[in-house]
Amino acid sequence: MKHNNSKEMEMRETSRRSPGGTHFVDIHEVPEEEEEDEEEAHEENKPTKTATNNNKRFNKPIKIREMKRPNNNSFSRQVSLETGFSALNVDKTERKGVLPRSGNSFGGFGSSHRSGGGGVGAESGGGKKGDFSMFRTKSSLVRQNSKLPLIKKESGILVDQYINDISSSSRRVDNNDNEDEDSVNKSVPAGRYFAALTGPELDQVKDSEDILLPKDEKWPFLLRFPIGCFGICLGLSSQAILWRALSTSRATKFLHVTPIVNLAIWLLALGVFVAVFITYALKCAFYFEAVKREYFHPIRVNFFFAPWIVCMFLAIGVPPCIAQDRLHPALWCAFAGPIIFLDLKIYGQWLSGGKRRLSKVANPSSHLSVVGNFVGAILAAQVGWLEAGKFMWAVGFAHYMVVFVTLYQRLPTSEALPKELHPVYCMFIATPAAASIAWGAIYGEFDGLSRTCYFIALFLYCSLIVRINFFRGFKFSVAWWSYTFPMTTASIASIKYAEQVPTVISKCLALALSLMSSTMVSILLVSTLLHAFVWCTLFPNDLAIAITKRKLGKDKKPFKKAAYDLKRWTKQSPLSLVTSIRKHNSPDKDTEADKQ
């Protein structure tokens, strides 16, 4: 009997099944000596016939019913009991849903089933890999997903099942907020960027925030390539205009600057612009969802003006040896057209008073969306379309006054400007300086209005110089290039002023500002080359595009029944309100009549 009980327990252990339906059987080899000992012990302990009859029910042969296996195409191997339970435990640990606040919270739902151990649940070099496909362009995803069911993983799980795991996991997270809050296809509120990000360009995530991609893993290069890279082109192309002015202006004729410097800088700026433009075009093609995230960013949205401003800078600063005649008006149409389109879009958001109204998203980089109008006015004057230049100047000046006053006031209803955003105050210089140059180009002289705008820019320049602490203690980034062209624009305006007022002071001022701007560009150029090719830190993970739409774990506001009843009462029509009052009062009247 003892032997039968032990046999029954042994058969039960060997017939256990995993939740997935795999049958684990002990196939450890048993030595022959052990088998003979077991047979001898069985014969010695064999019961008598009477005992067998009395205990007949206990000695019935044990029937083991094999459960029907589900139809599965994958081959189910026989493995040892110890190996089966260890694999089962590993599978359970991989499916845990508890996610730490380490930046990997949403990096790869269900991505543990990826081939090659590349999922979140697989160890690869001590780190976890995330799912970057959420930022890919939809058309490329459709082409990829059409081929996915044809591929099988080593674990026997289909890729379409992996996609379902991702979608179901993401739905579980989104159900906490009763809507698809973390979807990359929807816009992130402007205030969310100020609340979740920090740094000079709102490009660093706060420690208390979660992101959609892993922080400790190096992202694809295109995802790490921000639109702020066009700031490099802004700095170099504006330097081409400066050195052309130094070589051709009569106010700086005593310097004897050769036009070759203008040609070299112009070619360098053109080459850098072509490389940056092609790279960002590839990002738009493969990671369009990430580009949309940058467009919704309150600071980076202004850099979408930068490519077209750079094109106009290159047209204005073209060396005389390349284009001696007047430029063709088609250039103005090609470069100013996108500027006008973006004006209608951005200024319309400011005017409509929605979630992206100016008082909520205003920051010093908003001047970049205004500078494009003045640069377009300068190019219109050079191609001979003076009326178009006047139109661009008027639109730019009107919105410059609005931006200037909004930034000075900082209304209580607007988002507080972080301390780390102080370096972007350089943008205050660019707009009035560009306005003075544009007015002089349209009307042919640096008259009273041009000088007024120039003096405003000069005062703001001096106010930033005395506050040098604004620019200390910040990490180098590509976006710092966008702060060079305001200094260059002020230098060009000083040269134009020195032409109208040829004094020693005006010439020395123009020379000093030109030297400062050229020195700054040279320092940034060397720093950029070192970070790009020596330290390889020029393009870190762009964490700003991976923030969630709402902070997770945030306590919801308590439900206020009084406010709800008030809103419900105001939404009711007068007729329905009277009907509800009658229905509410009718039972009281009936009870009073019964009492009488």
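1. The model is predicted, with local features requiring pLDDT of at least 70 and side-chain atom pairs counting only at pLDDT 80 or more, while totals for chains, interfaces and linings use all residues. Residues are numbered from 1 along each chain as its sequence is written, and side-chain values use heavy atoms, with hydrogens and water left out.

2. The secondary structure comes to 21 helices and two strands, where helices (H or I, at least four residues) and strands (E, at least two) are DSSP runs numbered from the N terminus. Of the 596 residues, 42% count as buried, a term that stands for under 20% relative accessible area, with exposed meaning over 50% and partly exposed lying in between (1.4 Å probe, protein chains only).

3. Aromatic pairs number 25, counting rings of Phe, Tyr and Trp (its six-membered ring) whose centres lie within 6.5 Å, with planes under 30 degrees apart called stacked, over 60 edge-to-face and the rest tilted. One of them joins Y400 and F404, whose ring centres are 5.7 Å apart and whose planes meet at 40°, so the pair is tilted. Both residues lie in helix α15 (residues 386–409), four residues apart, about one turn of the helix. Y400 counts as buried because its relative accessibility is 5%, and F404 is likewise buried, with a relative accessible area of 18%.

4. Another pair is that of Y454 and Y497, which is stacked because the ring centres are 5.2 Å apart and the planes stand at 25°. This pair links distant parts of the chain, with Y454 in helix α17 (residues 448–465) and Y497 in helix α18 (residues 484–500), 43 residues apart. Y454 is buried at 2% relative accessibility, and Y497 is buried with a relative accessible area of 17%.

5. Y400 and F404 also belong to one aromatic cluster, whose members include F374, W393 and W439.

6. Finally, W535 lies in the loop between α19 (504–534) and α20 (561–571), and at 49% relative accessibility W535 counts as partly exposed.
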